Structures are given as structure tokens and as C-alpha cells.
Amino acid sequence: MRKTLLVASACLMLAVGPVMAQQKTIKIGFVSTFSGPTAVIGNDMRNAFELALDHMGRKMAGLPVEVIYEDDQQKPEVGKQKTEKLIASDKVDFISGYIWSNVLLASLKPIVDSKTMFVIANAGASQVAGQLCSPYVFSASWENDQTPAAVGLYMNQKGVKTAFLLGPNYAAGKDMLNGMRSTFAGQIVGEELTKWPDQLDFSAELSKARAANPDAIYVFYPGAAGVQFLNQFSQAGLKGKVQLYTAFTIDELSLPRQGDLALGVAGAQEWVNDLPFPANKKFVEDFHAKYKTWPSFYAAQSYDAANLIASAVAAVKGDVSKKDEMRAEMKKANFASIRGPFKYGNNQYPIQNFYLQEAYKDANGELRLKTVATIVKDNQDKAAAKCPMK
Amino acid sequence: MLLFLEQCLNGLQLGLLLFLLAAGLTLIFGIMDLVNLAHGSFYMIGAYFAATFTALTGNFIFSAIAAFAATLLVGMVVEVIAMRRLYGRDHLDHVLGTFGLILFFNELVRLVWGPAGMNVPLPEWLNGHFPILPGIEYPTYRLAIILVTLAVALFLYILVMRTRIGMLIRAGATNREMVGALGVNINLLYTLVFGLGAALAGLAGLMQAPILTVQIGMGENILILAFVVIIIGGIGSIRGAFIAALLVGLIDTVGRSFLPDILRLLLSGRSASAIAPAISSMLIYLLMAVVLVLRPEGLFPVSNK
């Protein structure tokens, strides 16, 4: 009797064994903002990540993929808590997402300590690209300085002599002003940092900007704050008098609410929806067909993040315990990035082109963004020099 | 000098807006002894109503009036359904109950209007700017806000100091039981006062709507300032709320504007621009602390209790 039981158990184990192996899923944790006024950004990122999975048949290296989305509420302490939960209780293989630099900085330590593979989909805190760089951290976006540095270069090309700088007072806001300062050759006649995220009335700052009488005003106001800023800029009578240059202020999410105020305002970006790559065309068309909205750069980076993860999983044939092999594959950036081919630098941040984008009205009267010029080619961030990795 | 004048106008505008919020809050607290954390929700509701009516009719002025009336109605309904259960209870119960209302309204707005937020376009004649002095072009709409809020303040003054309802309100603030004992329908008075407070908050919200984006939770940050105002002004005092709101508005705006320059004289440029925003956002709380030390009852205490 006892023998029969043993045999039966053994048979059962045999039957269960392969089933267990087949049930291995690739688990990805995705942290972004899904509530509050900036939830539209998080939703856009989730939509793009889901679209990328659809395009892969929802499988990586033949294994099913499970994505766990967590809401950071745009708060560093909540982001850190959610990140720890993903690592400790969900035991995810990859982590991605993160819109905000301050949330990223708070959440970085648990990820790096647990050696979880990490692909940043937006936040570009300069510290993470520099002294805090890690073999497990890759970026599918940029380092904060890069985009504003491109704006600074473009302002030089336009012959801007004096500029006034405005931005929110948090990690990325400081990076964005420093980045612009690093390339701008003219004189900076004033700068203001505003309380973030709760200050939405910029009347005092706009009055100061006007009193300084600059050639141009440079701003960084992501999300809804960008809508408010353009509104108040126009109400203060500055539109048409002072040229406005922006970083991450006008995108497909804010554009419908900025309306005509966004026309003629210059901005820089590493991805624009009309870049002529087959993968990009497919992405933009399918995104619009599925969600009825146009994807933003947040969406584009999330789509690239999913594909970068898929390239790593494919390289190890689904055995995600081989982290060194996955890293080696990811460093090659061996996937069809929708911003076009790029290379990774020593800090595992993209060396990539930056374009000038502008809003225009298409044939249907809908506001869209288009590429106007290439500002810099193969641009590497300055923080890379501070990263000890070779 | 011109810049200073302009910043004073900006501060005046912020202060008057805060007054609208604080007036309702202080009335409700002073008369009904009710801590209403959900006051910011009426600010948000007013803005959403204005955005919806503007989208439907295209007429901002009409929409503003309709939104004001609608918020008054919502306020009275909330008083009848929810607030009545809270009178006579502990302040902690008020805080819990009205905090629940904040969550309820935020979720309701998310269900009805979606998470993306709305914009309120201004008519052309309000959207421009206006030369008030040679060299100062001030946004017409912000001037309009200043005028409307001053008119509302005057109306409130007359209502509270010169009418029969105002007399009952003042009497209610001093001694509720006695007013009830004299045969005044205290329930109706409470509903009216609460509705009026809600409508004033809604008015503040709908006037801010074209400047800011209408979004979920927009009332929560400004409510903190409104509480600071009524603490400085003295709880229950409309006059105190008015003076304190102006003080807070001016100190916040002028401080934000000039503190970085003053600090730059003392410190290096980079650290001054890093510290200044932090210190200027503390200024009004410093003011509150000083007032609490010198006059714990506020600048214009209501003598009762």
C-alpha cells in the first residue's frame, strides 16, 4: 500500500513537473502615476507598454508575460513603497516605468540592492546617470540635461542673446535649468524655481520675467502645469513679444488643452511621432487605431522599454536568472527602437539624436507635432563621465 | 518699483481669492462650530460646473453665474444629507466625516468628468491685458477677479452687518442656543450658511478655472492656505478673514518674488536660488506662528464662549 502511494506520488510529481516549467511567466513591474492630475501620463505609458506586448503576441521568448502596474501617486515615498512591494512580494524579473526624477531617486536603492533588472521609461535624474549608475539600470529615455542642452544649442543657432529661465523646484527642474545653461552661449538675465507640484499660478514669476526684458524665456513645465503656463504666458501679454523655448512642456497629452497657444513654440525631443522608421510608423498608427489618441514621447519610451526587455529575454531564451548575459545583450540596444538606432554609453544611457519639434494643424484641423530639424546627432549626456562603469 | 506694484496686484488678487474661500470656512466654523475639510471640494465642484457649462453654452459669464447657483445647491444638499449628522459631535468626527467627503467628491468627479481635467476658455474681451499704468500691462481677467471679489466682499459686509439674516448669523456665532430658544429656525439658517459658504468657495474655484486647469484635487492645496487665513484672522470673523487673506496673499506673492534677490545679496547665486523657494513658501506659516504667539485668538477674535 505504502509502495503504491509512493509510485503514485512519483507519477504525480512527474506530471506536475513539466507543467510547472511551462507556467514560468516573465514578470514585469511597472511603476508610474495612475491617479491625480498627472494620471494621463501614466495611462499613456501603460497603453504603449500594452501595445508593445500585443505586438509581441504577449509573449517573450515563448513565455507568457505578466505586467503588474503600480501607482506612485507622484509621491517619492509611495513610489519607493510600491517598488519594494514589487521586488519583495511579487518577485518581478524586471522593473520599468517612472515618470518623475524625485520618485526614481527614492526608489532606486531597493532595485539596485536586489539586483533587479531595471529599464527607466522616462525619469532622467542626473545622479542616476552619473555617480549612482549601476550595471542593472538601463534607460530607455535620456538624462535630464540632454533635452534642455539641445534647446540651448538651438537658441544659440537662433541668435538669442538674453534669456529668462523658469522651472519647478524639484530634482528634474534643477537638472533642466542646468542643462540649458550648459550650452546656452548668451546671458541669463534671471531664473525662478517654483514650488512643485502645487504652485500653478505663475503670475509673480511672469511679472519678473517681463521686467527683466529678455529676448527669450525658457521653461520646463511637464504635464498639466504646461497647459497652465502657456495660458498665463498669453494672458500676461507676453506671447508674440518674447519668444518661448520649452523642454517637455508641449506634448501630445497637453497639446489638445494648450490649443493654438502651442503653435510656434519651440521644443526639443529625442522622439517625434513622424520619425521615418518602419517600427515607428507601425507604433504610431496602431496606437492611434487602438486608443484613438496620438502617443506622446512618454508612450514612445515605454514602448522602447518593453522591446528592450524582450530583447534581453530572447537572448537568454527565457532563463531570466542569467542576468550578466541579459545585460550584455541590452548594452547592444539590439532592437528596433522607434526613435531610430542608438548606442548605449558606459552608463547605459542612450547616445542619441535630438530633434526640434513644433506644433501645427493637420488637414483635419487637429493639433499635431512634427520634426522641424535635427539639433544634435549622437549626443551623450555629461553625467556619463561621473559614472565609474566602463 | 513698477515691478513691486505689479507684484502687489498679483498678491491682492491671490489674497481676495483666498478671502472667498476663507469667508465661507470661517462662517461655517464660527456659526456652526463645524470643521469642514471638504470646503476645497466645493471649490473644485464650482470649477467643474463652470467648465461644463462653458463647454455647453460657450458663454463664460452665464456659465459662471449658473455654476455659482449650482454650487450653492450642492452645498445645501450636502448640508441636509451629510452635515446634519455631524452637529453636536466631537471635532474629530467632523474631520473624519468631511475628509470622507473629500474622497467621495474626488471619486465622483473622476467618474463623471474623467481623470484628464478640463479647460475653460475666456471670451476675447477678458483674455487680453490692460495698461493700468504706463509700463504695466496687467491681464484683464485678473483685474476682473479683483473687482468681482471686492464686490462680493462688500456684499458680504452688507449682508452680515446690515440685514436681518446677517443679524441672525452674527447672533448664531455668539450664542447658538439662545438664538434657537428665541424661535429662529436654526436648521434653515445652518443650511443657508453652509450653502453660502460652499457657493463662495465655488465662486473662487470657477474664477480660478480659466487661469489654472480644472482638475481633481485642485481645492486641497488652496484649502490649507484658507485655514491659515482664518487662524490668522480669528475664527468666525469675516473682517479678520478679509485682512488676513490680503496679508497672506501679499506676503506670499511679494516674498516669492523678491526674497531670491535679497538672498542673492547675502549668499552665492546658486545656493540663493535653491533656498529661496523653500523659505518663501514658509513665510506665511511664519506669519501664522507669530500671530499665534502674540494673539492666540487671531487678529480679530470673535468675543464669545
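Author: Domain bounds here come from an automatic or database domain assignment, and on that basis chain A is divided into domain 1 (21-142 + 275-341) and domain 2 (146-269 + 356-379). This is a predicted model, in which local features need pLDDT of at least 70, side-chain atom pairs count only at pLDDT 80 or more, and totals for chains, interfaces and linings use all residues. Residues are numbered from 1 along each chain as its sequence is written, while chains are lettered from A and ligands numbered from 1 in the order in which they are written.

Reader: How do you know how many residues of domain 1 of chain A are in contact with domain 2 of chain A?

Author: Two residues are in contact if their C-beta atoms, placed from the backbone, lie within 7 Å, and 17 residues of domain 1 of chain A meet that criterion with 15 residues of domain 2 of chain A. The centres of these two domains, taken over C-alpha atoms, are separated by 27 Å.

Reader: What is the average pLDDT of chain B?

Author: Since pLDDT is the predictor's confidence in each residue, from 0 to 100, chain B can be set against that scale with its average of 89, and 99% of the residues score at least 70.
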